Amino acid sequence: MSVGSIDFFVLTGFLGSGKTSLLRDVLTAETASDTAVIVNEAGEVGLDGVLLRESGDDVPMAMLSNGCVCCQVGSDLAFTIDRLIMAPRPDGLPTLRRIILETSGLSMPGPVLRQLATLAEHRMRVAVIATYDLTRGLAVAAFEEAAAQWAAAHRIVATKADLAPAALAGSPVSIAQLNPVAEPIANADRAVIVAAAFAPLTASLPLREVAPDLTAAHPRLALCLVRPRAEIAYADLAGWLDNVAGRLGERLLRIKGLVKIHEAPRPLLVESVGTVFSPPRQLKVEKPPAPFIVVIARDIARDELEQVEPIGLFTFAWREPEREVGKGGIRAEWVT
């Protein structure tokens, strides 16, 4: 049985982006003995689980092969997690400190995180790790599943550096185009990648100032930098966030930001994956960034966000479309 806090990592990424290879590297590391793995595959044959067994014979592993876990209302994910946490640990193994769920390449993280809400009693720290395939880059952003995976991520890992070494150097910029509040992890050393991607969640993940002038990543993905005009009341902030979620629905991919409210001495960290919001909390760091909220959404018009009530609380800076177009090239335009 596990004692103490557990880090829960949702390992996501589009089909063929290198999730299983990354997880195999985790299981061959010396720190794997405190880890349990759950593999979800959209099919009846658990091939990934078989491949992972080659790397981690002593790692507790559970298979969910009843389809994409984000689509299964009656999924046994919560039951499986609870069983892993409550089961006695095998002799010689340390206390369970980490659980990694490898999702199907077609899973969206939002519904997966919603299922975790039933496990609040375990007080797990949760983070989404997404893979960024350097051989395909932004091309897969055309698939809404990939866009949702990147937008939900707390950390985005550049994979297949050995196959696309030239793309590695520029990958942090590309990752920032997709999700400027995610921590980019890009390195040619696989051991460094693994250690950074699955580092303990004992502290808040980095929250950095976001530049409003990033170039466009994909025409269907909209990124808006929202800044409060002044300190606001918590009720107004909560109402605005609720109304954003209600208006955009499934097109809302990510919200993350820092807002100063009347009722708290420290700025409030607000965050959602899709329409699933984490409980807001005061950020206990010295010299926090200036208040801001990043909204990442799909297929929206500017006025849909700018007219959300209460109106007048924020200013809006939208990412501009790519304007440098070569002869015969293709220009990426924002939906406005």
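In strand S13, Arg298 is the bridge partner of Leu221. This pairing comes from a predicted model.

**Strand S8 and its partners**

- Strand S8 covers residues 221-228, and seven of its eight residues are buried, so the strand is largely enclosed by the rest of the structure.
- S8 is joined to strand S13 (residues 292-298) by six bridges, and the two strands run antiparallel.
- S8 is also joined to strand S14 (residues 314-318), here by five bridges, and this pair too runs antiparallel.
- On the S14 side, Ala317 stands opposite Leu225.

**Helices H3 and H4**

- Two packed helices are described by the angle between their axes and the distance between the axes.
- For helix H3 (residues 77-86) and helix H4 (residues 109-116), the angle is about 55° and the axes lie 9 Å apart.
- Angles under 35 degrees count as roughly parallel and 65 to 115 as roughly perpendicular; H3 and H4 are therefore oblique to each other.
- The crossing of H3 and H4 is right-handed.
- H3 contributes Leu77, Ala78 and Ile81 to the contact, while H4 contributes Val112, Gln115 and Leu116.
- Sorted by class, the residues in the contact of H3 with H4 are five nonpolar and one polar, with no charged residues.

Note on methods
Residues numbered from 1 in each chain as written. Predicted model: local features only at pLDDT ≥ 70, side-chain atom pairs only at ≥ 80, totals over all residues. Heavy atoms only, no water. Buried < 20%, exposed > 50% of the residue type's maximum accessible area, 1.4 Å probe, protein only. Helix = DSSP H or I, 4+ residues; strand = E, 2+ residues; numbered from the N terminus. Pairing = 2+ DSSP bridges. Axes fitted to C-alpha atoms, helices over the stretch in contact; angles between N-to-C directions. Parallel < 35°, antiparallel > 145°, perpendicular 65-115°, else oblique. Left-handed = near helix turned anticlockwise from the far one by under 90°. Contact = heavy atoms within 4.5 Å. Nonpolar A, V, L, I, M, F, W, Y, C, P; charged D, E, K, R; others polar.
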